[in-house]
Number of protein chains: 2
Amino acid sequence: MMRFELDESRVVALASGVRREEFPDAVAAAEGFARAAWTTLTEPGDGLAGMLVGSLGAAGALKLILEMPSPQRLGTAVREAGVAPDEDLLEALGEALQRWTPRLSSTDVIHSLEQASRTGIQLLLPGDELWPSAIDDLGVHAPLALWWRGAPPALAALERSIALVGARASTGYGEHVAMDCAAGLVDRGFAIVSGAAYGIDGAVHRSALASGGRTVAFLAGGVDRFYPSGHDALLGRIAEVGAVLSELPCGAAPTKWRFLQRNRLIAASSNATVVLEAGWRSGSLNTAGHAAALGRPLGAVPGPVTSPTSTGCHRLIREYDAVCVTNAAEMAELAGAREQASFNLDAAPVEATGASSDARTSEQIRVLDALSMRSPRTVSDVARRAGLTTAAVISALGALDLEGGVSRREAGWLRGRH
Amino acid sequence: MMRFELDESRVVALASGVRREEFPDAVAAAEGFARAAWTTLTEPGDGLAGMLVGSLGAAGALKLILEMPSPQRLGTAVREAGVAPDEDLLEALGEALQRWTPRLSSTDVIHSLEQASRTGIQLLLPGDELWPSAIDDLGVHAPLALWWRGAPPALAALERSIALVGARASTGYGEHVAMDCAAGLVDRGFAIVSGAAYGIDGAVHRSALASGGRTVAFLAGGVDRFYPSGHDALLGRIAEVGAVLSELPCGAAPTKWRFLQRNRLIAASSNATVVLEAGWRSGSLNTAGHAAALGRPLGAVPGPVTSPTSTGCHRLIREYDAVCVTNAAEMAELAGAREQASFNLDAAPVEATGASSDARTSEQIRVLDALSMRSPRTVSDVARRAGLTTAAVISALGALDLEGGVSRREAGWLRGRH
């Protein structure tokens, strides 16, 4: 337990080295340092750590488990902070201590803070102006801190953002749709959130950058080492005008668990999540699951039913109530942006023979059916052929005459403008 | 009004010439003749004719409008039959008489019956054993009689049927899906209902025939003259093993109105309607609208969002709550056939790195993450790396050991079977 002995000035110096703004005082610096330390003690999404840090503060909780790592003492402290511990909680705290104590060493956090300081990585804390407050919806499962590099406006842009995710094994179709929709959403003022993976993720980041938009990538490992390595240059560009974030400290390798937990940050930080292309068991369905669990709007882009890379999207639409979205406008609508409806939905689809007849009544359709292009027909003849009253025929002919759909001859009426 | 003077024996002879079974008596024959006559007096879907024939009988209603075509007299007769006429009804009856009386001539019905008798076309009446009783759900808008040619078992097969419709301007993709799904549904014992149009309709009829299945086509004109003429051979084959039906008498030309009303018969006669491929304003959306109005299950097959011929399908899914269906099994399920679920939906999609891990717990995932393929690791080392208690690690290792996901060395545990 002695592995965490650090004096206050070193804690302040280390924590301050990775901040855009200075800590107001040493207490705040110690709290920041402790938050950073917690990211090394826990795996992402550790709800008990979230509860403990939330009720005791990061420094207070860290001090407690350093000084007296007993579930009873922790339980007492939690109860004093207003949370009533029951038997289950004490048992869970006991297990949590067993998880955390093997990692109780200052080495990892010092390394991470030093590495961050060297490479321009910063530590973002809850309550910071740039903290993406939407992820607080994760409750005790929210990240305890975020390590990040990039442009501050990109974080502010998360206020109006959409997560576009999809298969690594994407097709030309999926990439085309990804590029197209990301660009269209940037045009509509959205920041694009994704996971920087190969395939669809990469396509949406690239397209957002190419469109001059903001784009944000969440990684499953430390942001000092970009993953996947083949996206090193891409992530470098994202870090210039966008932002690259992770709840894991510098040096942490991505693992399967961390990918799954990373997905919850993508879903939580954005206004809506859209899966662009995904196989039956694609990891992007996990992101979709997080979005649904958070009550965030969820969309999926359909594709050919003959394409295995669209089966996941169709599954989301069929089984998980995902909205079928086919273009950037529909995605923007999903994310809550009100747009002028581009189509008149009240005009019932009544086409059967190909002619334009959007605003026509059934009487007008039947009168046109009964008219000839060449032989003029009288009103009573038209009425008999159309099975309508003469009054209805006269009224329909009047309307059709106005729009030029019929023309009058001495012998009667003709279809079309002559 | 004298144009309908026929003696009873002629009525019986004419009506009996187009029946599979003899009429039990002259009264029934007159009623059949009158039903046939009503199909010449009205345009499809004439609800007032349906109400009148329903309450007075076809012969009774025909006699009334031949003898005293006054709305008041009709209203009195209807009231005596149990329907309370209000002012609106009298006005509507007045208009209806103006629609019907110009067509009050026995020429059309005699021509249709003679032509039918010559060409093997039969008259199907409500209550007949082969009458597709599902279309009675159309209420007063149900057809007053159906003219048809084909094999009786095809009509019986409508009991378990599905309507597959779509754009005339279909693509290779749409036709491929149409052929594939129609064949799969035939394999599952479904009859295939469609409209015999070019494109998707033709593809589903052909595929059903090729699979040895039953298929039924509803036409918008008389069944003595196949439409479209390019499908003359196809409709001829449908009439051999399937059935071709219309509510319009022989000699009647298809019109736009009749196409729209024909669509209601396709939707009403089948257990479910699926739109396979459709542009933004495709006529098949009208069939979909009828299915939805009737409360029949409605499905749509998605396609590339880049394809204009799938926009109608996506619109149905987005705006009209159509179920996204991607194969014959899902269509069969839509139509109410219970099939063994082919997938375990409880297995949450948690893939992110491609390995198979369907049944693994989060602890097992994290333990695997923490193991190396080459360097054996102790339980406490794995616990620290995974952020888990040693008890959780031991439990997870035990389960993974059973399935061969890990192996034990003297120095500790390895990932994989060695």
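Which residues have the most contacts inside the largest nonpolar core? Let's begin there and then visit a few other spots in this predicted model.

**Figure 1. The largest nonpolar core of the predicted model.** This core has 66 residues, and those with the most contacts inside it are A:Leu245 and B:Leu245. Helix α12 of chain A (residues 256–269) gives the largest share of the core, 4 residues. To place this in context, nonpolar side chains tend to be buried together in soluble globular proteins. Now look at the surroundings of B:Leu245, leaving aside its neighbours within four places in sequence: the residues in contact with B:Leu245 include B:Trp147, B:Trp148 and B:Phe218. Among its other contacts are B:Leu124, B:Leu146, B:Leu155, B:Val216 and B:Val223.

**Figure 2. The domains of chain A.** The domain assignment gives domain 1 (2–117), domain 2 (145–334) and domain 3 (362–415). How far apart do the C-alpha centres of domain 2 and domain 3 of chain A lie? Those two centres are 57 Å apart.

**Figure 3. Helices α16 and α18 of chain A, packed together.** Two packed helices are described by the angle between their axes and the distance between the axes. Here, α16 (residues 362–370) and α18 (residues 390–402) of chain A pack at an angle of about 90 degrees, with their axes 9 Å apart. That angle makes α16(A) roughly perpendicular to α18(A). On the α16(A) side you can find A:Glu363, A:Gln364, A:Val367 and A:Leu368, which meet residues of α18(A) including A:Val393, A:Leu397 and A:Leu400. Sorted by class, this contact has 8 nonpolar, 1 polar and 1 charged residues.

**Figure 4. Helix α17 of chain A and its buried residues.** In α17 (residues 379–386) of chain A, the buried residues are A:Asp381, A:Val382, A:Ala383 and A:Ala386. What do they pack against? The buried residues of α17(A) pack against α16 and α18 of chain A. Just after α17(A) comes A:Gly387, which takes a positive phi of about 65 degrees.

**Figure 5. Helices α17 and α18 of chain B.** Moving to chain B, the axes of α17 (residues 379–386) and α18 (residues 390–402) come within 9 Å and cross at roughly 105 degrees. The two helices are therefore roughly perpendicular to each other. From α17(B), the contact uses B:Val379, B:Ser380, B:Val382 and B:Ala383; from α18(B), it uses B:Thr390, B:Val393, B:Ile394 and B:Leu397. By class, that is 6 nonpolar, 2 polar and no charged residues.

**Figure 6. B:Gly299 in strand β8 of chain B.** Is B:Gly299 buried or exposed? Its relative accessible area is 0%, so B:Gly299 is buried. Strand β8 covers residues 298–300. Setting aside neighbours within four places in sequence, B:Gly299 is in contact with residues including B:Thr273, B:Val274, B:Ala322 and B:Leu334. B:Tyr320 is 21 residues from B:Gly299 along the chain, and their C-alpha atoms are separated by 9.9 Å.

Figure 7. B:Gln115 sits in helix α7 (residues 106–119). Not counting residues up to four places away in sequence, B:Gln115 touches B:Asp224 and B:Cys250. Leaving aside neighbours within four places in sequence, the contacts of B:Ser284 include B:Val165, B:Gly166 and B:Glu277.

Definitions and conventions. Residues numbered from 1 in each chain as written. Chains lettered and ligands numbered in written order. Predicted model: local features only at pLDDT ≥ 70, side-chain atom pairs only at ≥ 80, totals over all residues. Heavy atoms only, no water. Axes fitted to C-alpha atoms, helices over the stretch in contact; angles between N-to-C directions. Parallel < 35°, antiparallel > 145°, perpendicular 65-115°, else oblique. Contact = heavy atoms within 4.5 Å. Nonpolar A, V, L, I, M, F, W, Y, C, P; charged D, E, K, R; others polar. Domains from an automatic or database assignment. Core = buried A, V, L, I, M, F, W, Y, C linked by side-chain atoms within 4.5 Å. Buried < 20%, exposed > 50% of the residue type's maximum accessible area, 1.4 Å probe, protein only.
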